[in-house]
Amino acid sequence: MIKVQRVGEGEFEAVVRDGNGESRHRVMMSDAKGKQLTAGKHTPDRCVEAAFHFLLDREPKESILARFDISLISRYFPEFEQELPRYLAQP
């Protein structure tokens, strides 16, 4: 389970829970970056949630940085922005 909550201007807390416990992450994302990543079709919270689904398909929650800017994901996973729409389309 992934729960995302806005905690400040351009700042979100993501809590990832599974059978092995939980991890907490602080994610920074500007409104402009959120609109660019979602083509303006999804909320910033939904964008961060979809980004975590993307990350969790590639690494365990314990490997995800505790604090990062969403634009950093593309540095580790160049396919991120291309694949994100598929994750945004999932319920």
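# Salt bridges and fold: worked exercises

The side chains of R58 and E79 meet in a salt bridge, with 3.1 Å from N to O. The model behind these exercises is predicted.

## Exercise 1

Solution. 
- Step 1. Check the surface. Buried means under 20% relative accessible area and exposed means over 50%. R58 has 27% and counts as partly exposed. E79 has 25% and is partly exposed.

## Exercise 2

Task: R58 also forms a salt bridge with E83. Which parts of the chain does this pair tie together?

Solution. 
- Step 1. Take the distance. The side chains of R58 and E83 meet at 2.9 Å, N to O.
- Step 2. R58 is in the loop between α2 and β4, while E83 is in helix α4, so the bridge links parts that are 25 residues apart in sequence.
- Step 3. Classify E83. Its relative accessibility is 23%, so it counts as partly exposed.

## Exercise 3

Task: Describe the salt bridge between R24 and E13. Is E13 buried or exposed?

Solution. 
- Step 1. Take the distance. R24 and E13 meet through their side chains at 3.3 Å, N to O.
- Step 2. R24 belongs to strand β3 (residues 21-28) and E13 to strand β2 (residues 11-18), so the pair ties together parts 11 residues apart in sequence.
- Step 3. Classify them. E13 has a relative accessible area of 19%, so it is buried. R24, at 45%, counts as partly exposed.
- Step 4. Widen the view. E13, R17, E22 and R24 are linked in a network of salt bridges.

## Exercise 4

Solution. 
- Step 1. Count the charges. The chain has 14 positive and 15 negative side chains.
- Step 2. Locate the two sets. Their centres lie 3 Å apart.
- Step 3. Count the bridges. There are 13 salt bridges.

## Exercise 5

Task: Find out what stands out about the backbone of A39.

Solution. 
- Step 1. Recall the background. Most residues other than glycine have a negative phi.
- Step 2. Look at the angle. A39 is not a glycine, yet its phi is positive, at about 55 degrees.
- Step 3. A39 lies in the loop between α1 (31-38) and α2.
- Step 4. Classify it. With 58% relative accessibility, A39 counts as exposed.

## Exercise 6

Task: Sketch the fold. In what order do the elements run?

Solution. 
- Step 1. Count the elements. The chain has four helices and four strands.
- Step 2. The run is β-β-β-α-α-β-α-α.
- Step 3. A compact globule of 91 residues would have a radius of gyration near 12 Å, and the chain agrees because its value is 12 Å.
- Step 4. Box it in. Along the principal axes, the C-alpha atoms fill roughly 35 × 30 × 25 Å.
- Step 5. Look inside. Of the 91 residues, 40% count as buried.
- Step 6. Sort the contacts. Among those between residues at least 6 apart in sequence, 51% join residues at least 24 apart.
- Step 7. The accessible surface comes to about 5,300 Å², and 49% of it belongs to carbon and sulfur atoms.

Conventions. Residues numbered from 1 in each chain as written. Predicted model: local features only at pLDDT ≥ 70, side-chain atom pairs only at ≥ 80, totals over all residues. Heavy atoms only, no water. Helix = DSSP H or I, 4+ residues; strand = E, 2+ residues; numbered from the N terminus. Rg over C-alpha atoms; globule rule 2.2 N^0.38 Å. Buried < 20%, exposed > 50% of the residue type's maximum accessible area, 1.4 Å probe, protein only. Contact = heavy atoms within 4.5 Å. Areas by Shrake-Rupley, 256 points an atom, 1.4 Å probe, with all protein chains shown as cover. Lys, Arg positive; Asp, Glu negative; His and termini not counted. Charge placed at Lys NZ, Arg CZ, Asp CG, Glu CD. Salt bridge = Lys/Arg side-chain N within 4 Å of Asp/Glu carboxyl O.
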